[in-house]
Amino acid sequence: MSYQIKGADMQTTHIKDFLANTKLKKTEVAEALKVTPQHLNNTLRIGTDVYIVHDGDKIIDSFLKR
């Protein structure tokens with residue numbers, strides 16, 4: 001799921017879709033999110049709904065959807 005934020009080039013994308021469509025490696029994404037690569041892998045494995053706010057490959061923010 002991805003949608004455009006009005007008036008900006010930022011998009012919000014589920015982390016699985018972001019990883020599939022970005023040139024960044026998982027370790028680079030983990031570093032940008034300030035988590036360990038193991039934590040990122042566990043999050044993906046258990047299916048936690050993490051969304052990334054980004055402008056292309058530049059991560060701006062992230063949040064959990066509960």
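At what angle do α2 and α3 pack, and how far apart are their axes? In this predicted model, the answer is an angle of about 100°, with the axes 8 Å apart, and the views below take up this packing together with the elements around it.

**Figure 1. Overview of the chain, with its 3 helices and 4 strands.** Read from the N terminus on, the elements follow the order β-β-α-α-α-β-β. Of the 66 residues in the chain, 29% count as buried. Among contacts between residues at least 6 apart in sequence, 47% join residues that are at least 24 apart.

**Figure 2. Close-up of the packing between α2 and α3.** The two helices pack at an angle of about 100°, their axes being 8 Å apart. That angle makes α2 roughly perpendicular to α3, because values from 65 to 115 degrees are counted in this way. On the α2 side the residues in contact are Lys26, Thr27, Val29 and Ala30, and they meet Pro37, Leu40, Asn41 and Leu44 of α3.

**Figure 3. The buried face of helix α2, formed by Val29, Ala30 and Leu33.** Seen down the axis of α2, these buried residues fall within an arc of 100°, so they line one face of the helix. The buried residues of α2 pack against α1, α3, β3 and β4. Just after α2, lysine 34 adopts a positive phi of about 60°.

Figure 4. Glycine 47 follows α3 and has a positive phi, near 80°.

**Figure 5. The largest nonpolar core, made up of 11 residues.** Its members are Ile15, Phe18, Leu19, Val29, Ala30, Leu33, Leu40, Leu44, Val50, Ile52 and Ile59. The elements giving two or more residues to this core are α1, α2, α3 and β3. The contacts of isoleucine 15 can be traced within this view: leaving aside residues up to four places away in sequence, isoleucine 15 touches Leu33, Leu40, Leu44, Val50 and Ile52.

Figure 6. Distant parts of the chain are linked here, since tyrosine 51 lies in strand β3 and phenylalanine 63 in strand β4 (residues 58-64), 12 residues apart. The two partners can also be described by their accessibility: tyrosine 51 is buried, with a relative accessible area of 8%, whereas phenylalanine 63 is partly exposed, with a relative accessible area of 34%.

Technical notes: Residues are numbered from 1 along each chain as its sequence is written. This is a predicted model: local features need pLDDT of at least 70, side-chain atom pairs count only at pLDDT 80 or more; totals for chains, interfaces and linings use all residues. Side-chain values use heavy atoms; hydrogens and water are left out. A nonpolar core is a set of buried Ala, Val, Leu, Ile, Met, Phe, Trp, Tyr and Cys residues joined through side-chain atoms within 4.5 Å. Buried means under 20% relative accessible area, exposed over 50%, partly exposed in between (1.4 Å probe, protein chains only). Contact means heavy atoms within 4.5 Å. Axes are lines fitted to C-alpha atoms, for helices over the stretch in contact, and angles run from 0 to 180 degrees between N-to-C directions. Angles under 35 degrees count as roughly parallel, over 145 as roughly antiparallel, 65 to 115 as roughly perpendicular and the rest as oblique. The arc is that of the directions from the helix axis to the C-beta atoms.
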